[in-house]
Amino acid sequence: MFLKAHRIPESLLFNAEGLSKRARILAMEAFDKKFFYGGSVCSNGGHSLRTKAGHCIQCDTSRIAFQLRSSDAGFVYLCYSKRIELV
Ligand SMILES: [Zn+2]
């Protein structure tokens, strides 16, 4: 229900049960996963869905957009001025 309400496809989830933080992050990056479950539950509400960094996305839903944006591909634009020779 929560995943559907926030349009998070199951393909972005990772089962991190039994993994250390380092192993979890490496595996999530290798498989391009954005959120995980299977770790400890959050102390506020006992939730289990977290960002790659370990923040509870059910307590703070703004973390969802941040996680998706921060790991999304993008462009870097550079400007150059011949007159002042500055990039
Ligand atoms: Zn929580």
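Arginine 7 lies in the loop that runs between helix α1 (2-5) and strand β1. In this predicted model, the phi angle of arginine 7 is near 55°, a positive value in a residue other than glycine. Arginine 7 counts as exposed because it has 8 C-beta neighbours inside 10 Å, and a residue is called exposed if 12 or fewer lie within that distance.

Aspartate 32 is placed between α2 (21-30) and β2, and its phi is positive, about 55°, although it is not a glycine. With 10 C-beta neighbours inside 10 Å, aspartate 32 also counts as exposed.

Followed along the sequence, the elements form the pattern α-β-α-β-β-α. The radius of gyration is 17 Å, well over the 12 Å that the globule rule gives for 87 residues, so the protein is more spread out than a compact globule. The C-alpha trace spans about 60 × 30 × 25 Å along its principal axes. Of the 87 residues, 14% are buried. Among contacts between residues at least 6 apart in sequence, 19% join residues at least 24 apart.

The strands come together in an open sheet of 3 strands, in the order β1-β2-β3 and with mixed pairing. Strands β1 (13-15) and β3 (50-51) stand at the edges and have a single partner strand each, so one side of each is left without a neighbour in the sheet. Strand β2 (residues 35-37) pairs with β3 in the antiparallel sense over 2 bridges. Phenylalanine 36 has arginine 50, in β3, as its bridge partner.

Phenylalanine 36 also belongs to the largest nonpolar core, which has 7 residues: Ala16, Met28, Phe35, Phe36, Leu49, Ile57 and Ile64. What is methionine 28 in contact with, leaving aside its neighbours within four places in sequence? Its contacts are Phe14, Lys33, Phe36 and Lys52.

Alanine 53 is found in the loop between β3 and α3 (62-70). Is alanine 53 buried or exposed? It counts as exposed, because it has 11 C-beta neighbours inside 10 Å. Alanine 53 and phenylalanine 35 are 18 residues apart in sequence, and their C-alpha atoms are 8.9 Å apart in space. Phenylalanine 35, for its part, is one of the residues of the largest nonpolar core.

Terms used
Residues are numbered from 1 along each chain as its sequence is written. This is a predicted model: local features need pLDDT of at least 70, side-chain atom pairs count only at pLDDT 80 or more; totals for chains, interfaces and linings use all residues. Helices (H or I, at least four residues) and strands (E, at least two) are DSSP runs, numbered from the N terminus. The radius of gyration is taken over C-alpha atoms; the globule rule is 2.2 Å times the number of residues to the power 0.38. A residue is buried if 20 or more other C-beta atoms lie within 10 Å of its own, exposed if 12 or fewer, and partly exposed in between; C-beta atoms are placed from the backbone. Two residues are in contact if their C-beta atoms, placed from the backbone, lie within 7 Å. Two strands pair if DSSP finds at least two bridges between them. A nonpolar core is a set of buried Ala, Val, Leu, Ile, Met, Phe, Trp, Tyr and Cys residues joined through C-beta atoms within 7 Å.
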